[in-house]
Amino acid sequence: MDAMSEPQPSPSVLTGLKRGLSHRCPNCGDGRLYRRYLKVSPVCEACGHELGLYPADDGPAYFTIFLVGHIIIAPMLFFPWIWEASPWLVIPVTLIPLTTLTLLTLPRVKGAVIGTLWAIKIRKAEDAPS
């Protein structure tokens, strides 16, 4: 049996998640996923895999807001100082760390979404000619 007829193993979602969280190409794990903050490289520099084919769209922003909102903001509302302190103190003390956390979390979540899309083989639909 030659190498072309052997079935390729199905990629693991966990592998895609790990590689995406570490900002690496989900296909090889070596190349960089981003060329700027959230701009996905069109092609992996290490293996040549087309990274621009995965439709992350609004999913990463939604998941980031969900995580930060439910894990940080919701429990924070149970602390009495949030309600008793001056808004001039509460707003900067809460918004600056929340903004920082959101901006640090977003690229990791986007990488995880792209890694998951790679593992389950979902790609953007090709533009059909009119």
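**Ground rules**

I'm working with a predicted model, where local features need pLDDT of at least 70, side-chain atom pairs count only at pLDDT 80 or more, and totals for chains, interfaces and linings use all residues. Residues are numbered from 1 along each chain as its sequence is written, and side-chain values use heavy atoms, with hydrogens and water left out.

**Entry: rings**

I searched the whole structure for aromatic pairs and got two. Rings of Phe, Tyr and Trp (its six-membered ring) pair if their centres lie within 6.5 Å; planes under 30 degrees apart are stacked, over 60 edge-to-face, and the rest tilted. Y62 and F63 have ring centres 5.7 Å apart and planes at 65 degrees, so I noted them as edge-to-face. Y62 also pairs with F66, and that pair is stacked, at 6.4 Å centre to centre with 20 degrees between the planes. Y62 and F66 are about one helical turn apart, because they sit four residues apart in helix α2. Helices here are DSSP runs (H or I, at least four residues; strands are E, at least two), numbered from the N terminus. Together, ring pairs link Y62, F63 and F66 into a cluster.

I checked exposure too: Y62 is exposed at 52%, while F63 is partly exposed at 40%.

**Entry: the nonpolar patch**

Next I looked for a nonpolar surface patch. One of about 950 Å² includes Y62, F63, F66, I71 and W83. Patch residues have over 30% relative accessible area and no salt bridge; nonpolar side chains (Val, Leu, Ile, Met, Phe, Trp, Tyr) are joined within 5 Å, like charges within 9 Å. The areas come from the Shrake-Rupley method with a 1.4 Å probe, and for residues only the protein chains shown count as cover. Helix α2 (residues 59-76) gives the largest share of this patch, seven residues. I71 is in helix α2 and is exposed, with a relative accessible area of 54%.

**Entry: the cores**

In soluble globular proteins, nonpolar side chains tend to be buried together. So which residues have the most contacts inside the largest nonpolar core? I found L33, V40, L51, Y54, V113 and I114, in a core of 14 residues. A core is a set of buried Ala, Val, Leu, Ile, Met, Phe, Trp, Tyr and Cys residues joined through side-chain atoms within 4.5 Å. A second, separate core has five residues, among them M76, I82, V90 and L98.

**Entry: I122**

I122 sits in the segment after α4 (87-119) and is partly exposed at 38%. Leaving out residues up to four places away in sequence, I122 touches Y54, P55 and L117; contact means heavy atoms within 4.5 Å. I122 and Y54 are 68 residues apart along the chain, yet their C-alpha atoms are separated by 6.8 Å.

**Entry: the salt bridge**

How many salt bridges are in the whole structure? I found one, counting a side-chain nitrogen of Lys or Arg within 4 Å of a carboxyl oxygen of Asp or Glu. E45 and R32 form it (3.4 Å, N to O). Both residues are in the loop between α1 (13-21) and α2, 13 residues apart. E45 is exposed at 55%, and R32 is partly exposed at 44%.

Definitions and conventions
Buried means under 20% relative accessible area, exposed over 50%, partly exposed in between (1.4 Å probe, protein chains only).
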